[in-house]
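Dear colleague,

I am passing this structure on to you, and I would be grateful if you could look it over before reading my notes below.

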Amino acid sequence: MSRKEEEEDDDIVCLDESFFIDDNYQITDFTFGSHVLQLYCLQSASTDFDLTGQLVWPGAVLLNDYLTKNANMLQGCSVIELGSGVGITGVLCSRFCREVVMTDHNEEVLKILNKNIKLQESLDDTICCAELKAEKLEWGNSAQLNHILQQRSEGFDLVLGADIYILLDLSPNALIGTNVKSTDLHLKLNSN
């Protein structure tokens, strides 16, 4: 190796994923109708290294506003939320639903999601009626999906997602089945 190549090698800096991680979470209050939710989240975007789930995005706020105004459709439902991020929609749904499973694919985002589940458990809040669970789910990963569905033989009454989009070319059967109920939002998740 020449001296010039050695000098160039000395200038190379390799960064691991921890360089991109911002875990300076703050408890933030969100109000939807009469429901006040407290969640840990970032106050500004950290979009590097696929960490967009560390904060609340506008689509989740709009979805929660809609769900609050139409809470009757949630009563007694089992819900799976795709791309839950910090869990703002799942936490709201826990006030109305019998079961809420929140999913994300990123390990760092799952940490903050689990932290928010523990926060909800620690609050003296008798409004919540559903147990909150977090599960890893990479879209199109049939092993992870089957793990979730094995625990819930009836599937889910409602599939929710806000500010999400699919990066992969998934087959129609990869995530959502065709058992549509009274509204377009009521879909049953299955593995067929």
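Which strands does helix α5 lie across, and at about what angle does α5 run to β5? Helix α5 (residues 142-150) lies across β3, β4 (99-104) and β5, and runs at about 160 degrees to β5. Angles are taken between N-to-C directions on a scale from 0 to 180 degrees, with axes fitted as lines to C-alpha atoms, for helices over the stretch in contact, and contact stands for heavy atoms within 4.5 Å. Helices (H or I, at least four residues) and strands (E, at least two) are DSSP runs, numbered from the N terminus.

Please keep in mind that this is a predicted model, in which local features need pLDDT of at least 70 and side-chain atom pairs count only at pLDDT 80 or more, while totals for chains, interfaces and linings use all residues. Residues are numbered from 1 along each chain as its sequence is written, and side-chain values use heavy atoms, with hydrogens and water left out.

The sheet is open and has four strands in the order β5-β4-β3-β6, with parallel pairing, where two strands pair if DSSP finds at least two bridges between them. Its edge strands, each pairing on one side only, are β5 (131-136) and β6 (158-160), and the twist from one strand to the next averages 20 degrees. Three bridges join β3 (residues 78-81) to β6 in the parallel sense, and Glu81 stands opposite Leu160 in β6.

To return to the helix, Gln144, Leu145, Ile148 and Leu149 of α5 are buried (under 20% relative accessible area, with exposed over 50% and partly exposed in between, using a 1.4 Å probe and protein chains only). Seen down the axis of α5, these buried residues fall within an arc of 130 degrees, so they line one face of the helix; the arc is that of the directions from the helix axis to the C-beta atoms. The buried residues pack against β3, β4 and β5, whereas Ala143 and Gln150, on the other side of α5, are exposed.

Finally, a search of the whole structure finds zero disulfides, a disulfide being a pair of cysteine sulfur atoms within 2.5 Å. The sulfur of Cys77 is 5.6 Å from the closest cysteine sulfur, in Cys97, which is too far for a bond. Cys97 is likewise in no disulfide, the nearest cysteine sulfur being that of Cys93, 4.7 Å away. Cys77 counts as buried at 7% relative accessibility, and Cys97 is buried with a relative accessible area of 1%.

With kind regards
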